[in-house]
Amino acid sequence: MKRCVVELTSYSTYHVSRTYCKQNRCVPLSQKMYPDMRTCFIEISYQVRTNTVSLKYADKRHPCWPFQTGCPTSGFLNLQKRRIVAFSCSCQRPGGEAEKHKQPLRLRTDDVFPGNNELHAQRLERSNANVHNSFVSAIGPNGGRDEQTVAGLHNDDVHAGNGLPTSAYVHLPFCKRRCFYCDFAIVAIGQRNDANSTNIDSTMGSYVTTLCKEITSTLSQLPQASPLKTLFFGGGTPSLLPPQYLSRIVDTLDQHCGFQCDAEISMEMDPGTFDKQTLKQFLGLGVNRVSLGVQSFNEDFLKACGRSHGLQDVYEALDIITGLNVSNWSLDLISSLPHQTLEHWEECLREAIGLSPAHVSVYDLQIEEGTKFGVWYKPGHHPLPDEDKSASFYRLASSLLREAGYEHYEISNYAKPGFQCRHNMVYWKNQPYYGFGLGATSYFNGKRFSRPRKLKGYADFVELCINQSSDNFSANEEYLSFYSNTVESVEDRVCDTIMLSLRLASGLNLNELSKNFGHELRVHICKSFLPFINSGHAVAVDSKFKTVPPDTFSTALSEQSASKVLKDVIFIRLTDPDGFLLSNEIISSLFTDLPIK
Amino acid sequence: MDILARIQAASITAPCLAPQHHHKHLQQLCFPMSTGHHFSCFYMHQNHFPVAMPGHPCRIPSGSIRCQSGAVEAPEMQDVKFSKSMLSFDMGKDRLSKVPASQIRNFSIIAHIDHGKSTLADKLLQVTGTVSDREMKEQFLDNMDLERERGITIKLQAARMRYVAKDGEPYCLNLIDTPGHVDFSYEVSRSLAACEGALLVVDASQGVEAQTLANVYLALENNLEIIPVLNKIDLPGADPERVRNEIEEIVGLDCSEAIFCSAKEGIGIQEILESIVAKVPPPKDTSMNPLRALIFDSYYDPYRGVIVYFRVVDGSIKIHDKIQFMASGKEYEVDELGVLSPGQMQVNELFAGEVGYLAASIRSVADARVGDTITSSANKAGMALSGYQEAVPMVFCGLFPVDADQFGELREALEKLQLNDAALKYEPESSSAMGFGFRCGFLGLLHMEIVQERLEREYGLNLITTAPSVVYRVQCADNTVVECSNPCELPEPGKRVWIEEPFVNIEMITPKEYIGTLMELAQERRGEFKEMKYITESRASVIYILPLAEMVGDFFDQLKSRSKGYASMEYSLSGYRKSDLVRLDILINGEPMDPLAAIVHKDKAFAVGRALTQKLKELIPRQMFKIPIQVTIGTRVIASESISAMRKDVLAKCYGGDISRKKKLLKKQAEGKKRMKSVGRVEVPQDAFMAVLRLEKEVV
């Protein structure tokens, strides 16, 4: 990988570097300005006379400038935008002194993303060395920090749910139609044509307006929102949203919290809903990870699922994505579809592997109440595969994808090294996140909150949010009733931690557990795990990533005083695929055993 | 009617039986005793089971007015408090006026299920103007809602009607209702005891059924004047002449004056009323004697205390009188006195021969049980009315809270239920596998189901119920007799000489084409053929002696389904007999499961064992390892199965929006695990415990 350089030109080295150093992750640039950090070169200059900042975009490969059409290589940013304001203020202060420092400030990406490039190399080495492949695989893109965690040193993820989120989920509910298995909060708008185009645009437009109001209202109430590390556009089918609408959302977020320079911005896209131009515009807005909802490489299955696209659309979508050099893209597949056989499934997996996505999500079909499938089919009964067959699908996916170099880093997710979905990792590490939009769930200040799932209800809710920020008593009451959910109890937090972390290949971090919930719980949980460790469904891992043999583990537990062995066990993780396959059973057993009422 | 309404309906009608000294017994029952012997004592004292009506413990007592489930023959004339004022103003007043005893007629209607008892009762109320046509409909609807919403049953207990006969005289007719379930047959006898006459309603196309007979005998025992009524003569299949002969032949009643009627069409109603006036003897005017009133029903009202329904036999009762219940010895002051017409209407005084209700802030139905005699504290009667009986539990089961912490709550809930259900007995029990719970005695299976449902729904208790059992008598080698209703307590094979079990006399009345299949059924259930007689050319009565244990299962359901619904049955307890019984133990993953142990006949052990293992295999969810299930007699394995290991249980997706929902799901799964009992490493769900109950079905 090339070592990339971001060049910042400023009249005041001192101030820029101070801004940078103090906040450590705050670069006075917005992510959306450069679709691909690795290839860009940007120059920033501040002009005292006009009180503006100018930026020069110096990458010939992507000669587009999102703020002005016609692709000039420099532009002007409004100083009202928070990040730039911070920057410009510090420049204004020392009068003529700034003039002295005309030297451009140079920053290496190493400074911008600490240790990123080295980490890639490190991680590859380790997985080659074959030390607990799945364990190591779970160390995210910020592997450096995880290592610190492993060593029991410092980790800023420990206080999950506290602190301000640096991740946001934005729900874009529009879909052409509802798939037969889907029970999400979606709004079906039908095929776009001349007759309904205006309607669709006005529905989407007013939704985006409401959404932006919610973002504004939520973020402006916070003392200081941290810039986002990850943003996820989920749906629905976000790719149905015209880019100018997406731009409004990105702008709003940028205005109120901004983005960190290495932010991951994911977008769910469905085949048949976008063309090259659209994707280009999305990328121009900062989207740097695409999750393509393929679901199956079989025309019949696509039809049977009620998908709005055919196989042809899938390949066209893939051409567009690869044509625009999107390297970080993911592919979704569904297993255990009605009438699916092991042969079908293998074919589908091989096709997926052949396309070499950076990331693959494999979902076992879940029959939800209120869906067409829910009416037609009964889990485990023909034409759905039975439990044994469905388990064999899972095993096949796990073995084929791992063979092909994917790390099985979460129960349903596989990634090439370095391409785990950072946004989703936030969920599984039980860290806080914003949720904006219809039916979206947020988790911050220790509260989980799900927004209304109907457009009207959502609009009312946003209205209340806005009134709440002004001093309106009755609205306040109503608002409170919306937010009546209380801070998660200790029990809930323990359950969340167990349930979420065991989805990851890295498993449950016992050091964090004792730090947050006390040493007794650690010992208790270890005891609860014992039968599963003995049966091979779970593995205890020490600080050197070595498996602790079940015998050693159980001896350690039987001794009255927590022995050194027990202290050495840093992680307990489920095995792949046996432990993962029975994760519900294991997690619910752990819940049953919890000492908390 | 939904299950809840059914439960409420039936539970309120649970009979209240107790001897004079019952209160002492009750207290003992409520507190720890050595073993379950006490119930058995009651049981032993019972020489014969009171004549019962056909019906099965698991069935809705659909023949009774109070529990009518069909919309067509709905209890349209039921009491509704809302319309009380209107009724009393419009037309109730003449009904309240004092009538000399010679103008009073007290009667009930006896009939087999679906022979039209409720429709006829409705019609009588309508024709006499007690309830207007318009109210019929409205009241029915209101009642159903009330039942559901308020959790009480407002049922027709009795209805006072005013009827001006052809002779120009106004008469006061009191219709007294009888409950319709075999579990509550004692109540029927008390209701009948409150009357002087009864309408015997027989379906003109169906003819005499088992319940008809049982009721007629009950009525005859109580010296009632019986007026035969052939109902549904408008139906195409009606053959009143044949049925009239049938009644004469089987029942031995003179049917020359039997009334042909169609309650639905209103045919013959007038004749019935005239016949009641003419034939049913008036009550004796004994209003000068000290007060004696017979309680024929009571229920608990949370606002007014127990509402007692009674018939004044001697003397009179006035509001604010001090009264005493002779069996329980409790004294109260009458707060409210009235008649039922059919709504409650207050009066100041009731005299001998009249039927009414009273409220006296009575705290528990146990203080005012059905069959008890009310007398005046000031002027006590010398003797109570005869016929009072103790409630005898027939079926037992263990109730254990899933969560051991709920033991106290369970005790409280049982205490509360007993307020309105004097027949419910319980005593603490502990089991190694299940922890602390109660061994409870019930009148029958319906009664048991009702209590379980109420505990779970109304009191939010999570219960594990052991298979129902009867009381066995074990002759031990050391010459002692041990009574045992709990298979776990059965003495070791080496220590016992023989085991006796209770038997019932069962009479099945069936069209002749089903004789074979019913005999087969009885035979399968270890029945011993006693007698068969043709009651008419096409119908026969088949009598068997059958172990009670075989009947507490699905015997009645089988009888009905095998005879396409045509057969009816009746049973009474016939006493104890030796049987070749063995105890089946169930081992799951090598661990014995005490609560699932069962006492069965040796000949059936293999079939039952097989059925049991299969059922358990079906009901115990797959677990993370393979589980063998075995059934043993002593150490000999007679049946085995195994459950293969679980393959997959995983949530595919869990993102930000899913977390709360998935957590709930997993917590629910964890709750489910708590509901299960661990047997060694295996988690066994509660359903598996009920498998023993259902196993007989599987065996067939």
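This note goes through helices, sheets, salt bridges and a surface patch in a predicted model.

1. Conventions. Residues are numbered from 1 along each chain as its sequence is written, chains are lettered from A and ligands numbered from 1 in the order in which they are written, and side-chain values use heavy atoms, with hydrogens and water left out. Because the model is predicted, local features need pLDDT of at least 70 and side-chain atom pairs count only at pLDDT 80 or more, while totals for chains, interfaces and linings use all residues.

2. Helix 20 of chain A. Helix 20 covers residues 519-534 of chain A, which makes 16 residues. Helices (H or I, at least four residues) and strands (E, at least two) are DSSP runs, numbered from the N terminus. From first C-alpha to last, helix 20 reaches 22 Å, close to the 22 Å expected at 1.5 Å a residue; the expected span is 1.5 Å times one less than the number of residues. A kink of about 35° lies at A:Ser528, shortly before the proline A:Pro531. The bend at a residue is the angle between axes fitted to the seven residues ending there and the seven starting there. A:Ser528 is also one of the buried residues of this helix, which include A:Phe529 and A:Phe532. Buried means under 20% relative accessible area, exposed over 50%, and partly exposed in between (1.4 Å probe, protein chains only). After the helix comes A:Gly536, with a positive phi near 85°.

3. The sheet of chain A. Four strands of chain A form an open antiparallel sheet in the order 19-22-20-21. Two strands pair if DSSP finds at least two bridges between them. Strand 19 (508-509) and strand 21 (547-548) stand at the edges with a single partner strand each, so one side of each has no neighbour in the sheet. Strand 20 (residues 538-542) is joined to strand 21 by 2 bridges, and the two run antiparallel. A:Val541 has A:Thr547 of strand 21 as its bridge partner.

4. The sheet of chain B. In chain B, 6 strands make an open sheet of mixed pairing, ordered 2-3-1-4-5-6. Its edge strands are strand 2 (158-164) and strand 6 (259-260), each pairing on one side only. Strand 4 (residues 197-203) and strand 5 (residues 225-231) pair in the parallel sense over 7 bridges. B:Ala198 stands opposite B:Ile226 in strand 5, and B:Val201 has B:Val229 of strand 5 as its bridge partner. Strand 5 is mostly covered, with 6 of its 7 residues buried.

5. Salt bridges. Over all chains, a search of the whole structure finds 46 salt bridges. Each is a side-chain nitrogen of Lys or Arg within 4 Å of a carboxyl oxygen of Asp or Glu. In one of them, A:Arg451 meets A:Glu214, with the closest N and O atoms 2.5 Å apart. A:Arg451 is in the loop between strand 18 (447-450) and helix 16 (455-469) of chain A, and A:Glu214 is in helix 7 (residues 197-220) of chain A; the pair links parts of the chain 237 residues apart. Both A:Arg451 and A:Glu214 are buried.

6. A second pair in chain A. The salt bridge between A:Asp496 and A:Arg448 has its closest N and O atoms 3.0 Å apart. A:Asp496 lies in helix 18 (residues 490-501) and A:Arg448 in strand 18, so the pair ties together parts 48 residues apart in sequence. A:Asp496 counts as buried at 0% relative accessibility, and A:Arg448 is buried with a relative accessible area of 7%. Both residues belong to a network of salt bridges that also links A:Glu491, A:Asp492, B:Lys663 and B:Lys667.

7. Helix 18 of chain A. This helix has 12 residues and reaches 16 Å between its end C-alpha atoms, close to the 16 Å expected at 1.5 Å a residue. Of the 12 residues, 9 are buried, so helix 18 is largely enclosed by the rest of the structure. Among them are A:Asp492, A:Cys495 and A:Met499.

8. A pair in chain B. B:Glu500 and B:Arg473 meet in a salt bridge (3.8 Å, N to O). B:Glu500 lies in strand 23 (residues 496-511) and B:Arg473 in strand 21 (residues 472-476) of chain B, so the pair ties together parts 27 residues apart in sequence. B:Glu500 and B:Arg473 are both buried.

9. A surface patch. B:Phe529, B:Met532 and B:Tyr534 form a nonpolar patch on the surface, with about 290 Å² of accessible area together. Patches are made of residues with over 30% relative accessible area and no salt bridge, with like charges joined within 9 Å and nonpolar side chains (Val, Leu, Ile, Met, Phe, Trp, Tyr) within 5 Å. Accessible areas come from the Shrake-Rupley method with a 1.4 Å probe, and for residues only the protein chains shown count as cover. B:Tyr534 is in strand 24 (residues 528-534) of chain B and counts as partly exposed at 45% relative accessibility.
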